Amino acid sequence: MAREYETVIGLEVHVELATKTKIFCGCTTAFGGAPNTHTCPVCTGMPGSLPVLNKQVVEYAMAVGLATNCNITRHCKFDRKNYFYPDNPQNYQISQLYLPICRDGYVEIETEEGSKRVGIHEIHMEEDAGKLIHDEDTNCSLVDYNRSGVPLIEIVSEPDMRSAEEVIAYLEKLRLIIQYLGASDCKLQEGSMRADVNLSVREVGAKEYGTRTEMKNLNSFRAIARAIAGERSRQIALLEAGEAVIQETRRWDDAKETSYAMRSKEDAQDYRYFPDPDLTPVYISDAWIEEVKGRQPELRTEKMKRYKEEFDIPDYDIEIITGSKHMADIFEACVAICNQPKKVSNWLMVETLRLLKEKEMDPEDIRFSPENLAKLIGLTEQKVINSTVAKEVFEVMFDSDVDPEKYVEEKGLRTVNDEGALRKTIEEVIAANPQSVEDYKNGKDKAIGFLVGQTMKAMKGKADPASVNALLKELLNS
Amino acid sequence: MANIIDDATIDYVGILAKLALSDEEKEQAKKDMGRMLDYIDKLGELDTEGVEPMTHLFPVQNVFREDVVTNGDDRDSMLKNAPGEKNGMFVVPKTIG
């Protein structure tokens, strides 16, 4: 009988914090600067430079720890992790090994079997590395240290996950918590959230864990799911063939759907950590924890509860809208202006989701402003434009956040409310379509739909369908 | 000398420190390292019962910066210390990811 295997997964998640400056110097963390224009002696590792800790980094790390039920380490400090690699200019990374800022937390995830807890072993603060670019001309590597020293937190889970679905639920949960806290935008594709997967397999019922491997370079949920499936099969094949799994770091190649070992055995992984003498210890008092707790914004579960009480919109809408902090922000800001929660929710749930899917975008990428959405809702409410025109305007607004009021004026999209003009057009349509008029009079109600359509066409879409309908009936029945 | 450093250890430390040592240098390094460890061992003789673990040399804590950008673009100065420069970047030996 074939043996059955269980997959055991733990994650190391790196999150780039949303600070304005780097963790140990006053250089900007802004994206997109020319190479090395966001650097100084500290983040390029010049001898004699002195790192000084950014207080906001500690507060973001505490906020994430508190929101994930961790204990905050009152006395914590930084250590040097020593290794040679040119993206790391000091030849050590400043990190936390012995006294990480947060420990022993958990988050709840929803699985098919119900709610499940994933333990968080620790969260520590550390600095990011620079970027290496290979130069074909000289066969050398070029280094850009703009990202060197950007603050990261690393969230280390317990090996509590058993499937790709659980891993993705855990990541989604973390992402939402951190986005709601404003501690990071958590974009996998852009690298502001990165997950390394530690995976081992064991026979179902076994007590001991198998030997694990660590997989890197996973920059989408799909890549993570595929890498988990691939690594599980690779390890099972080894065990079935009577071979051993080697503890190693592997790099996932999503295009080839395969992984390969990143470091050879000769490269010792001996980081010789020791306390960083340049940085003073951090003492976190009860008062400081309370202060950070007091500033903690409304998290998703609280927001969902409040929406249920305040707005008359379906639970499903609430779940989707609060599923993205950015979308929830737009919803609330827009409702604050127009006081039409159901209408705002409809625009988000129908047209916005449709366009996001069509353009393969995330809700975080929504660019239109709540002010403009409120204006668009106002235009339809006041029947300045009809719903078909509103959808067209919305598409333009979705792409370039145009002001719908100005756009409608510029493009001449106002509904024609001139009854004389409408009456004239309808009379022409009636005259041109005697068969449909005949059908209508013989009790075929559907015929009126055709006549409304013809009228709308003649009016170039700029008529209010309800008025057209009413006037048509009036003229046909007269 | 209580601590004897063997060849395997000194070779391993050499790899970690990226140092290529000649045979004579290795012998000297073995002796130096043994003496250093002997010196460290002396600390173990101290009675530390009831002494709070020390995490830093100075009794200072919570030295912070506010999250405010204070540095501008000083790339030219930074690159002055580079082993080589190209397109505003540091040139280093080819490194495979």
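A: What follows describes the contact between the chains and then the sheet of chain A.

The model is a predicted one. In the contact, chain A takes part with 42 residues and chain B with 36 residues. On the side of chain A that touches chain B, at least two residues each come from strand 2 (53-54), helix 1 (55-67), strand 9 (131-135), strand 10 (140-144) and strand 17 (282-283) of chain A. Strand 10 of chain A gives the most, five residues. By residue class, this side of chain A is made up of 21 nonpolar, 14 polar and seven charged residues.

Strand 10 of chain A also pairs across the contact: three bridges join it to strand 3 (residues 89-92) of chain B, and the two strands run antiparallel. Within this pairing, A:V143 has B:F90 of strand 3 of chain B as its bridge partner.

Chain A has an open sheet of nine strands with mixed pairing, in the order 3-7-8-11-1-12-13-14-15. Strand 3 (71-72) and strand 15 (258-261) of chain A are its edges; each has a single partner strand, so one side of each has no neighbour in the sheet. The partner of strand 3 of chain A is strand 7 (residues 102-111) of chain A, paired in the antiparallel sense over two bridges. There, A:I72 is bridged to A:C102 of strand 7 of chain A.

Helix 1 of chain A, which supplies at least two residues to the side touching chain B, also packs on this sheet. Helix 1 touches strand 3, strand 7, strand 8 (114-127) and strand 11 (151-157) of chain A, and its direction makes about 165° with that of strand 8 of chain A.

Technical notes. Residues numbered from 1 in each chain as written. Chains lettered and ligands numbered in written order. Predicted model: local features only at pLDDT ≥ 70, side-chain atom pairs only at ≥ 80, totals over all residues. Contact = placed C-beta atoms within 7 Å. Helix = DSSP H or I, 4+ residues; strand = E, 2+ residues; numbered from the N terminus. Nonpolar A, V, L, I, M, F, W, Y, C, P; charged D, E, K, R; others polar. Pairing = 2+ DSSP bridges. Axes fitted to C-alpha atoms, helices over the stretch in contact; angles between N-to-C directions.
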